[in-house]
Each structure stands twice: as C-alpha cells, then as structure tokens.
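Keep the sequence and the 3D view at hand while reading.

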Amino acid sequence: MDNPMISPVEASGQDECVDYKPWTGMKFMSKIEAYDSYNRYGGIVGFSVRRDYVHWLNIGDKRIIKQRRFVCCKKGHRKKDKRDVNTTKPRAETRTDCPVRMGISILKNGGYECKDFCDDHSHELHTPDSTHFIRSQRKISKVDAYEIHMADDTGIRPMATFDLMGMQAGGRENFGYTKEDLRNYLRTKR
C-alpha cells in the first residue's frame, strides 16, 4: 500500500465502512477519539466494544496511558460462576473468545496510533436494525435527556416517560436506549 492514509478496506467494496474502519498506522488525537472511532465502526459492522487492556506510564505525578486495547465484547470467557450449584436459572455464556481487537500506543506528540488491528469475528454479528440495542451503542441524546428532565420535574414516572417518548418516536424500537438506561440516567441525575 503506497499511501498509509488510505484504509485497506477501500478495496473490499464496503463504502459504508470506509470512513470508519481502523487500520494499522491510523492516528488519533486522544484515547477518547480512538475509542469513539472504534465504537462507531463496531456500530456499523454490528458488534459491541469494550476496553480490555491498559498499560500506564508514570511521568512524575501524572499517569498517562501508554498502550490500550479495545476488543469485541465477546472476547474471552467469563470466570467460573461462584453462585450455588443449585441455581435454577444460570446465566448463559455469551463470550466466544472472539479475536477482534484494536490496540493503540502513545506517540511522542501525545497522540495515539493504531498498532494492532484484527477484524475476524468468531460469531454472528448484529443486524443493522438492532445495533442500537448493543451495550456500547446505547446513548441518550441531549434532546431526549431534556425531555426526560422535564417529565421527571413534572412528576411523570420513568415508565410513563418511556411510553410517552415511545409514542412520540413511533415506537420503542426507534430509541437508542432501553428502560433500564432511562432509570440509570435519572438515578445519576438525582
């Protein structure tokens, strides 16, 4: 590849992912920008993202992230269940040891560079109409937050607020969040 600023995905014909798919050598201004970029890519492709590995660098009294790895939420395996063996409803295993990851390292200018990228999933991906329910993709927009505040201040209960907003949006499936997200948001507000 002659130009390091052109993504290798351009040859695949997936125009939708060209702007978002990371590649080795891609540069970011901050670790937050790197996470947001990878999370946006995960939302388009259909998987949830989580932070996995971090290596800190101590400079005087400051701690800086030297390296960080973002992975698919299905990477690895859950630890052994410590609950009683007679549990009637054990939680289902959701992890499949998926190897998908993006590793970043700090540069001398304070930015970050993608040093490691793998995009071969070992599981089925979510469909585009259900990706907004994936944990890393669920967000309460500023407009929705304002309406939630107004409803809470007028004494409308969270469940009724969720139903009301669902009618306004044309159905609950058009939200980018769940009832539990709304309750958590109100809890942090209070």
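Asp116 forms a salt bridge with Arg101, with 2.6 Å between the closest N and O atoms. A salt bridge here is a side-chain nitrogen of Lys or Arg within 4 Å of a carboxyl oxygen of Asp or Glu. Asp116 lies in strand 5 (residues 112–118) and Arg101 in strand 4, so the pair ties together parts that are 15 residues apart in sequence.

The model is predicted: local features need pLDDT of at least 70, side-chain atom pairs count only at pLDDT 80 or more, and totals for chains, interfaces and linings use all residues. Residues are numbered from 1 along each chain as its sequence is written, and side-chain values use heavy atoms, with hydrogens and water left out.

**Salt bridges**

- The count comes to eight salt bridges by the rule above.
- Asp116 is partly exposed, at 26% relative accessible area, and Arg101 is also partly exposed, at 26%. (Buried means under 20% relative accessible area, exposed over 50%, and partly exposed in between, with a 1.4 Å probe and protein chains only.)
- Glu113 and Lys115 meet through their side chains in a salt bridge of 3.3 Å, N to O.
- Glu113 is buried, with a relative accessible area of 13%, whereas Lys115 is partly exposed, at 48%.
- Arg183 forms a salt bridge with Glu180, and the closest N and O atoms are 3.0 Å apart.
- Both Arg183 and Glu180 belong to helix 5, where they sit three residues apart, about one turn of the helix.
- Arg183 has a relative accessible area of 35% and is partly exposed; Glu180 is partly exposed at 41%.
- A network of salt bridges links Arg50, Asp52, Arg69 and Lys75.

**Helix 4**

- Helices (H or I, at least four residues) and strands (E, at least two) are DSSP runs, numbered from the N terminus.
- Helix 4 has 12 residues (158–169) and should span 16 Å at 1.5 Å a residue; its end C-alpha atoms are 16 Å apart, which agrees. The expected span is 1.5 Å times one less than the number of residues.
- Which residues of helix 4 are buried? They are Thr161, Phe162, Met165 and Gly166.
- These residues cover an arc of only 135° around the axis, which puts them on the same side of helix 4. The arc is taken from the directions from the helix axis to the C-beta atoms.
- The cover over the buried residues of helix 4 includes helix 3 (142–153) and helix 5 (179–189), where contact means heavy atoms within 4.5 Å.

**Surface and loop**

- Met167 is in helix 4 and is exposed, with a relative accessible area of 66%.
- Together with Ile156 and Leu164, Met167 forms a nonpolar patch on the surface, with about 280 Å² of accessible area in total.
- Patches are made of residues with over 30% relative accessible area and no salt bridge; like charges are joined within 9 Å, and nonpolar side chains (Val, Leu, Ile, Met, Phe, Trp, Tyr) within 5 Å. Accessible areas come from the Shrake-Rupley method with a 1.4 Å probe, and for residues only the protein chains shown count as cover.
- Asp97 lies in the loop between strand 3 (62–72) and strand 4 (101–106).
- The phi of Asp97 is near 60°, a positive value in a residue other than glycine.
- Asp97 is partly exposed, with a relative accessible area of 45%.
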